[in-house]
Amino acid sequence: FNLNLLLYKSLKLLLLRFLSTKCAYLSPPISFLSAESLLLVSSPYDPQKQKAEMAEEKKVAPIGVWTAVKPFVNGGASGMLATCVIQPIDMIKVRIQLGQGSAVSVTKNMLKNDGIGAFYKGLSAGLLRQATYTTARLGSFKMLTAKAIEANDGKPLPLYQKALCGLTAGAIGACVGSPADLALIRMQADNTLPLAQRRNYTNAFHALYRISADEGVLALWKGCGPTVVRAMALNMGMLASYDQSAEYMRDNLGLGETSTVVGASAVSGFCAAACSLPFDFVKTQIQKMQPDAQGKYPYTGSLDCAMQTLKSGGPLKFYTGFPVYCVRIAPHVMMTWIFLNQITKFQKTIGL
């Protein structure tokens, strides 16, 4: 027998026995005095067997990595595909919030003055935002809910726990995606400024470079506070209500997969819009503001913007453009979930 191997195996078993007494929750239970363990200690060293075991571990390792990153990859891909469809509606929503009129008048003016390409102004920033923000929020939400379900002994989570997971995921996603979100707002609002004040960004990366060079790197997170709060509200409404609605429609109403996805997406889209629009309104005002001739900004912060808006227009001012915002959010949510469902199905068919 190999003496060194025997000592190693003995020490390993003693360590595992000690851990088993301290970590009673480990599953499955390990029988340290089983015949298999004794055989393991007394078996001679086999180089060929060790090489085979190491090769098998190398094969298994990438699967674990893919399992960890899969929710993030799928979330980002589904969000980017949905953005390609929703970008024109999002552009109209921003113009309405900037005070350029109703949805019909904004659409006519954009077509007349700038052509069809105006509806896709800032698409690169929108895709970059989804690649960062949606990747982080959907991926972290899946991980958080999986951990919560595991801690709940596999039982479905109550609504408040889903809401907490959504709040946390929204905060994480907003911190990661705030620079791309700022670039998107700047690019969409650029054509509304006088010619002398336009920044003329060519794409999202040019916008990020110009903002960093002209205003400093920290300016990329300008308005990050309201962005995080808005994202937390949106994700609480979107993610928690989607999971809750899907469970109810599937378990209580007996709907099929397609009907469940569409119905739950519509519910979560409305909830997301209702919860997040006031914060989105404040965020947009903060991100688009410019200093006057004396270098003074119209708002000192998010709270000041909210108070001035409340005094000038009342509570309903925060819901300016709600129909368009809801029409923009609900289809985006629906298509995000539908794309996510299709991506997951495709991955299963190819064995991923």
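Start with the whole chain in view, bearing in mind that the model is predicted. Its secondary structure comes to 11 helices and 0 strands, and of its 352 residues, 40% count as buried. Among contacts between residues at least 6 apart in sequence, 76% join residues that are at least 24 apart.

Next, turn to the aromatic rings, which form 4 pairs in this structure. Select F270 and F322, whose rings make an edge-to-face pair with 6.2 Å from centre to centre and 85° between the planes. This pair links distant parts of the chain, since F270 sits in helix α9 (residues 257-288) and F322 in helix α11 (residues 322-349), 52 residues apart. F270 is partly exposed, because its relative accessible area of 47% falls between the limits of 20% for buried and 50% for exposed.

Then select F281 and F318, where the ring centres lie 6.2 Å apart and the planes stand at 80°, so this pair is also edge-to-face. Here too distant parts of the chain are linked, with F281 in helix α9 and F318 in the loop between α10 (302-313) and α11, 37 residues apart. Are these two residues, F281 and F318, buried or exposed? Both F281 and F318 are buried.

How values were computed. Residues numbered from 1 in each chain as written. Predicted model: local features only at pLDDT ≥ 70, side-chain atom pairs only at ≥ 80, totals over all residues. Heavy atoms only, no water. Phe/Tyr/Trp six-rings, centres within 6.5 Å; stacked < 30°, edge-to-face > 60°. Helix = DSSP H or I, 4+ residues; strand = E, 2+ residues; numbered from the N terminus. Buried < 20%, exposed > 50% of the residue type's maximum accessible area, 1.4 Å probe, protein only. Contact = heavy atoms within 4.5 Å.
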